[in-house]
Amino acid sequence: MDVNEALLPEKKTVKRLSSSATSSGMQQEQQQPRRLYGAISPFSSSATAANISVRDDAPHGRTDHSSTDASLLGAGVHPRSPHSPPSEEGRAHRSLSGSCVSRCWATLRCLCHDIRVSCAREVPPATEPRRFSPLERFKMARYESVDTYEAESMLYKDHLETRSHEPRWFMWVFVVLLGVATSTLSIGMATSLHVLNSVRYELLGFGLRGFTFADAQRYPNVSEAPSVKAASSAGQRTAATTSLDVWAMLRGYSVGLYGIASPRWYWAGYLLWVVFAVCTSAVASGLCCLVPQCVGSGIPEVRAYLNGVSYPMINSTSVLVAKIVAVVFTVASGVCTGHYGHLTLAGAMLGAQLLKRRHGVRCDHVHFVDCFRNPRDRRIILVIGAAAGIAAAFSVSVGGLLVIIELLSAVFPVRFALYVFAACLLSMLFTQVYWSYCMNWDPPYRAHGGMLLREVVVAFRSSLPFGQHAAMNVIVFAPALAVGLCSGVCAVGFVRLSWVALYCRRRLEARLRTRAARYVLPVIFAFLYASVHYWIAVAFSAAPAAVEIPISTSRGHGREQSIRGADSNASSSSSGGAAVHTPEVCRRVPYTVRSDRNVTTIGFYGMNGFLCPAGSYWDVNAAGVHDAAAYERSALDSKRTLRRQEQTVQVVDAYASLAFSYADSTLQTLLSQRTEHLLPWPALLTFSFIYYFASAVYSGLALCGDTMLPSLVIGASIGRCIGTVVHSAAVTQNPRAASWADPGVFALFGAGSFVSATSGLSFSIGAILIECTADFRHLLPLMFSIAVARSVLRRWGRDVHTVYLEARAVPLLNAEPYLGQYGLLDARHVMHSPAVALSIVCSLDDVVRSLRTTKHHGFPVVSLNDGTFKGIVTRAQLELLLWHAIMTDGRTNHCTYDVMQRVEDHVFHSGWEGMDPTQHLRRKRLSTDQVSLYPYVDTSAFTVLDTAALPRTYEMFTTLGLRHLVVVDRRNHVVGMITRKDLVGDHLSAVLDSLDSSTRGNCAPPSAVLAAALASLRKPLHPTLTQVAEVARQSSTRSLADSSSLHQQHYGQNREVEPPPHAPTPHLREANFADDMQRASLLHVPSSPPPSTRRLR
């Protein structure tokens, strides 16, 4: 039943109760005498009651409160005390409010019950099939499979003979174009996000300073930067030009690694911060409302396509543009999402654009692209684009190839892998070259020596001196196990929470009877998310540190002072000034950030220190970890040649750097090594808790949300928390343990294990993280934690991408974990029968009838003489044949492959796509005109016997990437058709359940063989009762009383099946089956029936 219909009786009940309560109250008022105190309700405000009493007592001149109450209540009524019994109206109102509370509580309990039941049905473990409702099965019909092979018809073979050769070398042109295009798209999105982040931080600083940009801490090393001076007489600031470099802000250079002096205008900063988040989120929701096809997170759509499901939105140019803009504004709002997953889908959509026909652009004499417009090459190019998108997002090469290998269910040729790997290499190389020589929108300014920056080549690697990276120790396998277990358990909760959010959103849409809720909820979430993080960051910045952190108030290399005051700028004496209280979350910018360009362009651009006191910081806790002062000075000296007008890099707010940053910058901070004192444990735990629940909820509410980067951040925060505990315990026992017990290493384990559990990827995620961090020494513990997390999730749930696709009723073929349950089923059990077949020579009326009465995309073609299977013809081929008949005025003679290509071009450029050609045929000639389908039939179509085992049929369908699989009998007669929807786990389970129910409903006594098999089940390692019953029922030893009815049940045809001339008798077949079972290793069936069987006889 629909959710809307289920919620309607509740509204009627509320109205009925309210109307009954109102009528009862009116009757009580009519029965009671009209008194003055009846106008004063016990729920009225005290001010109203006081005004009435004073106004009534004024003519009598009474001032005593008791006399006033006595006069108001009457002669025989005592003044009402606070504990006096309520009136009838009060009791009615109170009972009505109590009934409202009880109804709300009952509704909440009913909602929790529905969520629990639906979650158990829709989020089962990965080893169990997901059951679909009838409505979801109806929605599943709108998805079709992807064609993998070109129809090997006679037209196509003649076309190959006439052409000397195909320009297969042009595939390398597509590889280069996709590599450069995906890299350009990644650079454009990253640059736009840097610019919007710079604008966002400038607005925050503008509000915190009291709506001014003047700040002496912004550019301390630039002589033309204006200074702020205090007027001695009026106490006001002198007129000075603004210190904001607008062009630098628009190029993304405005980092916020400096403190803002007190007093800070927190409410002004909050207002601008929230307005920016709400506006950008509203723009993204508006785009999704205008182009609904751009809704999605990217990775699920690519996974469905690689599984063999066709998505029409992949070919749309408007959807691609709208999706890119919507993703940029969604991420810019500051919510817990990312853009890496969308780059994967954008790469696949770019591949589809290369082969798409354009209106107004006709190249009839250019055949370089036409020869690639076939199902095989189209799928290859789309997969190349998806892999290049992954490579451009993470700046990796091998990782993109491994993701495709892990997700692609069909055959993966070696030459195909070469194309994919070359596109990934080009995409990665182009991205690294750009970020090494350019900075956002700046032109190239670096000396062209051919050297690539190390922080660009390895995106998430910590810039440390040689020998300072974390070492490998065998002991890390124990914390890696803990990280894997925690990540797996948290991944199970994450998937369920995200599904609950999706369920509640759909329930709200059904209750409100509008789809506007899905566009409003992301905006509300952005407002709440920005508000919570902002005020928690303010609270952390107001709390003083437990230990003293030296702060220098001088602008140069002045002496250090331990200060404990409100702000470092409050000190006015030359000897050091007053003391300041330094927040615990305010730390000096670590060396790994200051020694490279990550602070402005790559990873650390989201760090912020606006909420910290102004001044220079020295982190005394990090002293002694490694001594890199000389190395740092040389690195900074060499970096000055690359700097232009950069801001101050002094202080970082730990919590604000995690909460205010985008997901990639937060991940860079969590994965950084030798920064164990950068993130205090209260800030890290608070951020992890909020980000975990917020990401789970937003993944169910978001329109363009990504799950890849948030999963990496959640896993890194979990691993960082465990790594902080391990570091503290190890250093306490042995100070030298700091060489291997680095929290950044365990953050790497957590990131890999959590994203592997939530995304369904395993070794490809490990390869991507190893390439991104260049930490090859920790490859084994990383893969170990990934395996543990995947095992935990498969035991208790499934990945979030599968849940989202199944919630949309996408027919995924993912029955491999539980395919062994259907080992006793055959192809005839799951096929669609009867199949709609066409004769090799038929009339146009037969073709039109088949197209109109069915929605099938493939029709078997049989012989006229004996009805044997000859091949298969697709719906697209039949429609082109009809269009050709329309254009040639009914002539259905033989045409060539090139003619069919021109017909397809003419249909596209004429705007006839999607139109039904059967409506434009002449009805008088439908029954008289004959057409031969032999030139258009795919004679290489795959077939399978009806007795073929279901697991083997399933593997054949998925491995070859088929769309149609024809089922034939031993005489090569078509008995059915298998498509994608027939092999979905839900359909397989329904078939098995129906067979089990029919077996249990059979009241006939078991035969001797079945009784012997049941007796043998008492031994260990034997088949189940259902399997033995199915063997006995479906085996050849069963006596078939009515063979024609069995064929009619399976095939939908009423054929007379005659037994072979030398068919054994039922008793002889039963004895042969007993001998076969006796020779089996699992079933030791005695030659004579057991005593229980004799008694049954």
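E509 is buried, at 10% relative accessibility (buried means under 20% relative accessible area, exposed over 50%, partly exposed in between, with a 1.4 Å probe and protein chains only). Its salt-bridge partner is R518, at 3.0 Å from N to O, and R518 is buried too, at 14%. Keep in mind that this is a predicted model, where local features need pLDDT of at least 70, side-chain atom pairs count only at pLDDT 80 or more, and totals for chains, interfaces and linings use all residues. Residues are numbered from 1 along each chain as its sequence is written, and side-chain values use heavy atoms, leaving out hydrogens and water.

**Salt bridges**
- The count comes to 22 salt bridges (a side-chain nitrogen of Lys or Arg within 4 Å of a carboxyl oxygen of Asp or Glu).
- R674 and D742 pair up at 3.7 Å, N to O.
- That pair links distant parts of the chain, 68 residues apart, and both R674 and D742 are buried.
- R849 and D845 meet at 3.2 Å, N to O, and both sit in helix α30, four residues apart (helices are DSSP runs of H or I, at least four residues, numbered from the N terminus).
- R849 is partly exposed at 42%, and D845 is partly exposed at 26%.

**Confidence**
- The chain averages a pLDDT of 75, with 69% of the residues scoring at least 70 (pLDDT is the predictor's confidence in each residue, from 0 to 100).
- Confidence is lowest in helix α3, at a mean of 36, and highest in helix α9, at 95.

How values were computed:
Helices (H or I, at least four residues) and strands (E, at least two) are DSSP runs, numbered from the N terminus.
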